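Please read the following report with the sequence and the model side by side. It moves from the whole chain to single elements and residues.

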Amino acid sequence: MAKNQVRVRFAPSPTGEMHLGNARTLLFAVLFARHHAGTFILRIEDTDQERLVKGSVEYILKTLEWLGVTPDEGVCFDSKGQVTETGDKGPYIQSQRRAIYQQYADQLLAESKAYRCFATKEELELMRAEQVKAKQPPRYDGRYRDLDPTEAERRAAGEPFVIRFKMPLQGKVTAHDLVYGDITSDYAEQDDHIIIKSDGLPTYHFANVIDDHLMQITHVIRGQEWIASWPRHLATYAAFGWPMPEYTHVPLIFGPDKAKLSKRHGAKTVLAYKEEGYLPEAVINYLVFLGWSPKTTQEFFLWDELVAAFDLKGINKANPIFDPVKLGFVNGVYLRQLPAEQLMSKAEEWLARADWFDRAERDYLVKAIASVQERAKTLAELPGLVEFYFNRPEPDVKLIPFKTQAPTETARLLELAVVGLKEIKEWTLIEIEAQLRSRIEQAACQNGELLWPVRAALTGREASPGAFEVAEVLGQTETILRLDEAVKQLKS
RNA sequence: GGCCUCAUCGUCUAACGGUUAGGACGGCAGAUUUUCAAUCUGUAAAUCGGGGUUCGAUUCCCCGUGGGGCUACCA
């Protein structure tokens, strides 16, 4: 492996959700790695045992899979779809790295760069309550910072404790962010945060730094919510004397109410969009433009084009708002581009749930889908759009007459249409249209007077593809049969 | 409250300090048309406010305002 190889990780917590915001961060990380022919690593940050949701790792992996992202290293699926790991810097699941964190915490303890704290949660809550009451910012007051280490060690044998990082008491740090530029913070603003919890597991602030270092991460791409705790991470690198990776904080995606996108904005997990019939290419194409711009007017990108075009410099600072309407538009564009055959196989999952699916003949289904293709915004809408091709509609005498047309007049025109359609030798779109148009001429009526009833009788719908097109797909026999039945109903 | 941070049409965004502030979604109007779409054309719509710097600020600086993030033994 080349020395300056780019190594980027995506490090979600297995809390059961993988929403669009996560996916966008993931995309930026993967795109960056691919652009630089680097390594993309998936690490699982499960240090919070309480928030752990069973099956989350599989869920995360399934989301990645749907998006077409395969980790080069770290947690992944094996050929049988079981969760496994690849790479020589593992384990890649933090709960399995306990001993590693402990070792580094011990080092800091020995160097007096960290210390044990015996304050209970209740004690700390009380402390904060008093601070707030006194109009002070709530923060750990360092009450165990100067406890004698031997005394601390003695108490540690019989008492629960946490390990806290000794933040510098004064001084400022300035660090460079590839998106936000230089950010300066004051160490005095930071309290001594916990690095090892009383359950022996590390907090994010500690585990993240240790792992990024050990896994030789070169570029950290993460959500903007981490900027505030960045000084802690910087101080940790400094305490160990480790080189720092490049940092890129990316803006957060907001919901319509301008708050961080979350569950309460609706079904926002990535896989929920899969269920609703969105194509991963469309979701990616939409998502990547949330907070990033290629600086050109190109709007639709193939994955490889995205990889080629992606540049961290194109990332914006402001937080974008998620717009489901535009996502729908993008998905529609992708759907329309697909050959009908492919559209059908992609929609199979939804189609198969329809009551008529088992008796649907393949070629017929393809033609039916082709006729409604440009009307669909999601795959899930497809079965509903083609349903009338398979289930013969009950003639609706309210719907079939054109505007205020009298039913008897409608019946007369439909009969005329049937006469014409029966004469057709070769059932093609051109023949059908020619035949019906000549009947319109014969009846000396407006197009709509004849064509609306035909279409309505054939489809039973307010909205559908055009009369000629529907007739063509239905075939001569079925078309005439449906028209005859409509006539019968109109006359009764 | 404290710290950090952000700010161009309703939304996503573009604009070496010099543009009639551009594009896309959505809106509206029109064309097409048997309906709904799709498509095409046109149109309304923005530099948060106030000070500077400058011959000239969307762009640089300061203040204000507004939004957001963090302020946990969560990430």
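**Overall form.** The structure is a predicted model, and its chain A holds 19 helices and 11 strands. Chain A has a radius of gyration of 32 Å, whereas a compact globule of 492 residues would have one near 23 Å. Along the principal axes, the C-alpha atoms of chain A fill a box of roughly 105 × 55 × 40 Å. Of the 492 residues, 37% count as buried, and among contacts with a separation of 6 or more, 75% join residues 24 or more positions apart.

| Domain | Residues of chain A |
|---|---|
| Domain 1 | 7-76 + 253-314 |
| Domain 2 | 95-250 |
| Domain 3 | 338-390 |
| Domain 4 | 407-491 |

Between the C-alpha centres of domain 1 and domain 3 there is a distance of 29 Å.

**The surface near RNA strand B.** Around RNA strand B there are 65 residues, of which Ser 293, Asn 447, Gly 448, Ala 463 and Gly 466 come nearest. By class, the residues of this surface divide into 26 nonpolar, 22 charged and 17 polar. Helix 4 (121-133), strand 8 (181-186), helix 11 (324-337), helix 17 and helix 18 each supply at least two residues, and helix 17 gives the most, with 5 residues.

**Helix 14.** In helix 14 (residues 382-390), the buried residues are Leu 382, Pro 383, Val 386, Phe 388 and Tyr 389. These buried residues pack against helix 12 (340-351), helix 13 (362-372), helix 17 (447-459) and helix 18 (467-474).

**Strand 5.** In a regular strand the side chains alternate between the two faces of the sheet. In strand 5 (residues 114-117), Ala 114 and Arg 116 lie on one side and Tyr 115 and Cys 117 on the other, and all of them are buried, leaving both faces covered. Strand 5 pairs with strand 6 (residues 162-165) in the antiparallel sense over 4 bridges, and Tyr 115 stands opposite Arg 164 in strand 6.

**Ile 221.** Ile 221 belongs to strand 10 (residues 219-223), and it counts as buried because 27 other C-beta atoms lie within 10 Å. Leaving aside residues up to four places away in sequence, Ile 221 touches Val 8, Thr 25, Phe 28, Ala 29, Phe 32, Thr 248 and Val 250. Ala 175, by its C-alpha, is 15 Å from Ile 221 in space and 46 residues away in sequence.

How values were computed:
Residues are numbered from 1 along each chain as its sequence is written. Chains are lettered from A and ligands numbered from 1 in the order in which they are written. This is a predicted model: local features need pLDDT of at least 70, side-chain atom pairs count only at pLDDT 80 or more; totals for chains, interfaces and linings use all residues. A residue is buried if 20 or more other C-beta atoms lie within 10 Å of its own, exposed if 12 or fewer, and partly exposed in between; C-beta atoms are placed from the backbone. Two residues are in contact if their C-beta atoms, placed from the backbone, lie within 7 Å. Domain bounds come from an automatic or database domain assignment. A residue is near a molecule or strand if its C-beta atom, placed from the backbone, lies within 6 Å of it. Ala, Val, Leu, Ile, Met, Phe, Trp, Tyr, Cys and Pro count as nonpolar, Asp, Glu, Lys and Arg as charged, and the others, Gly among them, as polar. Two strands pair if DSSP finds at least two bridges between them. The radius of gyration is taken over C-alpha atoms; the globule rule is 2.2 Å times the number of residues to the power 0.38.
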